[in-house]
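Subject: Structure handover

Hello,

I am passing on the structure below, followed by notes on what was found in it. Please read the notes with the structure open.

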Amino acid sequence: MWQNFINELNRTMHEIVGGLGRFLPRFFEMLTLVVIGWLIAWVLRAVVRSVLRITRFDKLSEHTGAASLLRGAELPAPTEMLSRFVFWVAWLGFILVGVNVLGIVGVEQHISNFFGFLPRLFAALFILFFGLLAASFFSRAALLGGVNADLPSPRLVSLALRTMMILFVLSMAFEEIGIGSETVLIAFSLTFGALMLGLALAFGLGGKDLARKYLERRFAREEPPAEHAHDHEDELSPL
Amino acid sequence: MPETSILSDDFIRELINVGEVDILVGVPTYNDGRTVGQVVQAVRAGLLQYFPRERAVIINADGGSRDGTQDLVRAASISDLSVAPDVHALRTLHSISTHYEDGPASGIALRTILAAADLLQAKACAIVAPDSTTLEPLWVERLLRPLLRDGRELVLPVYRRHKFEGLLIRNLVYPMTRSIYRCPVREPYPADFAFSGALGSRFLAQDIWTQEQGRHGTELWLAVSAIVERSKILQCFLGAKTRSETAPADLVKAMRESAGVLFGSLETNFAAWSSPREPLEAPCMACEPTVSLEHSRLNRKRLHQMFAFGVTELEPVFLSILSQPTFDELKRLAKLPEEKFEYKEDLWVRTVYEFASAYHQAVIGRDHIVQALVPLFRGRAHTFLTENRDASADEVEANIESLCKTFERDRPYLLESWQGRK
């Protein structure tokens, strides 16, 4: 009995040592991958940071409004944010590859999902950034156009345009990464539809006289009423 | 023949039939049927009367008019002309009308005329605005003679204008050009001007023709480039310049063509204006008082309202362009009632310089920066109208001179804010 116990113990010890012998090289392989990954991610972060600084990405982000969003949330500047993001994505990728080397059952699928998700994540970020840039540009153009044409409430129009564009961009970005895509799409459709209906009613009911006058002026080319003829003022002559 | 590719085959054929010329007068047009006939007749009269021995050609570059402008030019060119009974051309006076692509754009018309002048090896070239209804034959002589006789390279006009006309020229383009480039040209954005064939070839060789300044505001750009390369410039008094009845008072467009182009030129010519330079003389020939005082009915109240509205509504835009003290001062002004409102010279100059620096640094889209200056210019125009309402011609001139001095005095401020130290 004692001999059996010793034999079992020996066998177990052999298995443990054998297991350790099989595991340790993999573990060191993983550690090496993690360390190399950290180095590569660090270099990548430095490269991305330099490229973004050269291309004045912070200034561009300032234009999109992304920088002020980050400031509001007490987060680092966009250049720092993006370079850190690249660092973590790269390093996490290496860590996952390292974990995969360990051969833990079920992990492979998750790792494969992670790498499958990355392109969509980048596409969503791309859409978000350029969408915000476009929203900022067009809303500012609307604001300046409205002010210079002396239209009523240009800031409101600009804000409405910006909100609509941001909603549209968010719905596209969420759809890209597959998070609540239907919910976001429905929310966007509802908001957009409601806004358009509201505008249609507002213009239709409130601005029908204005619209009639505009159309008459545009297409019928009526002469201005005689009572305004002698109210004529000189126009500013800039050049 | 560096730029013949932009000319159509038919046009080149017509130019070849003309052969080399001494004088070329270019008339850029677009839907100018109401006035162009009169202008072409006056140009022909000027050429026949003052340059009967020179080989001359009139070139009309049209941007696709739909009111028969080109037909009117051709008709005016062949119509009987009675300048004076004893005036006869000793050579054939040619007239050609051509249509350029991608128009209308005054820059493309100018490029077409420059290319034609280069091809015909013209010694002197004049550009005449198609709406210059006050153009007299003498204008042609005054523009061209200094080029042919005195070896001048660029002749710029000086007009007699109403004291409230050309407000953007008087409050921004003239004083800023004068103080930055140190050359006192009264009309840096000329409608009628002339240049030597050699200078025309240098204009044509510039790489601006595919850019925005090669389409609009090109005259200003070329005048500045002639100043920067220290060409021999002369200003000549032409007479009264009437305002075109058809010209829209589109301030945004005017701002793009003038301030936008001027701000853009600062970047290209940074080395020329940032270092100390001797002033460049631009003497004025036959100069007379340039301000006339007829009655004007400009709505100052509306200018004030639009200024105040603009400052309030565009706050987020101004905060990215202007320094905080300048914007605070503008906000304070916007709250004042009209009778107390005064957009003083030094604040206006500081505003313009900060806009020029913001344009250089591209803090937002450059076109947006130029557009944002429009409501502020309305405020400055209000003050200019108020302070000169009852002023004599001399007083108006003194006020413009004072503004020029302020632009000059604050030049270091531009340099500091340009380099981001403000």
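In this predicted model, the contact between the chains takes 30 residues from chain B and 18 residues from chain A. On the chain B side, the elements that give two or more residues are α6, α9, α11 (300–313) and α15 (366–387). Of these, α15(B) gives the most, with six residues. By class, the side of chain B that touches chain A has 18 nonpolar, eight polar and four charged residues.

One helix pair across this contact can be described in detail. Helix α5 (residues 107–148) of chain A and α15(B) have axes that come within 9 Å and cross at roughly 30 degrees. An angle under 35 degrees counts as roughly parallel, so α5(A) is roughly parallel to α15(B). The crossing of α5(A) past α15(B) is left-handed. From α5(A), the residues that meet the other helix are Arg140(A), Ala141(A), Leu144(A), Val147(A) and Asn148(A). They face His368(B), Gln371(B), Ala372(B), Val374(B) and Pro375(B) in α15(B). This contact of α5(A) with α15(B) has six nonpolar residues, three polar and one charged.

Next, chain B by itself. Its division is into domain 1 (4–292) and domain 2 (300–418). The centres of the two domains of chain B, taken over C-alpha atoms, are separated by 30 Å.

Helix α14 (residues 345–361) and helix α17 (residues 411–418) of chain B pack with their axes 9 Å apart, at an angle of about 30 degrees. That angle makes α14(B) roughly parallel to α17(B). The crossing of α14(B) and α17(B) is right-handed. On α14(B), the contact is made by Arg350(B), Tyr353(B), Glu354(B), Ala356(B), Ser357(B) and His360(B). On α17(B), Tyr413(B), Leu414(B), Ser417(B) and Trp418(B) take part. By class, the contact of α14(B) with α17(B) has five nonpolar, three polar and two charged residues.

Regards

Conventions. Residues are numbered from 1 along each chain as its sequence is written. Chains are lettered from A and ligands numbered from 1 in the order in which they are written. This is a predicted model: local features need pLDDT of at least 70, side-chain atom pairs count only at pLDDT 80 or more; totals for chains, interfaces and linings use all residues. Axes are lines fitted to C-alpha atoms, for helices over the stretch in contact, and angles run from 0 to 180 degrees between N-to-C directions. Helices (H or I, at least four residues) and strands (E, at least two) are DSSP runs, numbered from the N terminus. Angles under 35 degrees count as roughly parallel, over 145 as roughly antiparallel, 65 to 115 as roughly perpendicular and the rest as oblique. A crossing is left-handed if the near helix is turned anticlockwise from the far one by less than a right angle, and right-handed if clockwise. Two residues are in contact if their C-beta atoms, placed from the backbone, lie within 7 Å. Ala, Val, Leu, Ile, Met, Phe, Trp, Tyr, Cys and Pro count as nonpolar, Asp, Glu, Lys and Arg as charged, and the others, Gly among them, as polar. Domain bounds come from an automatic or database domain assignment.
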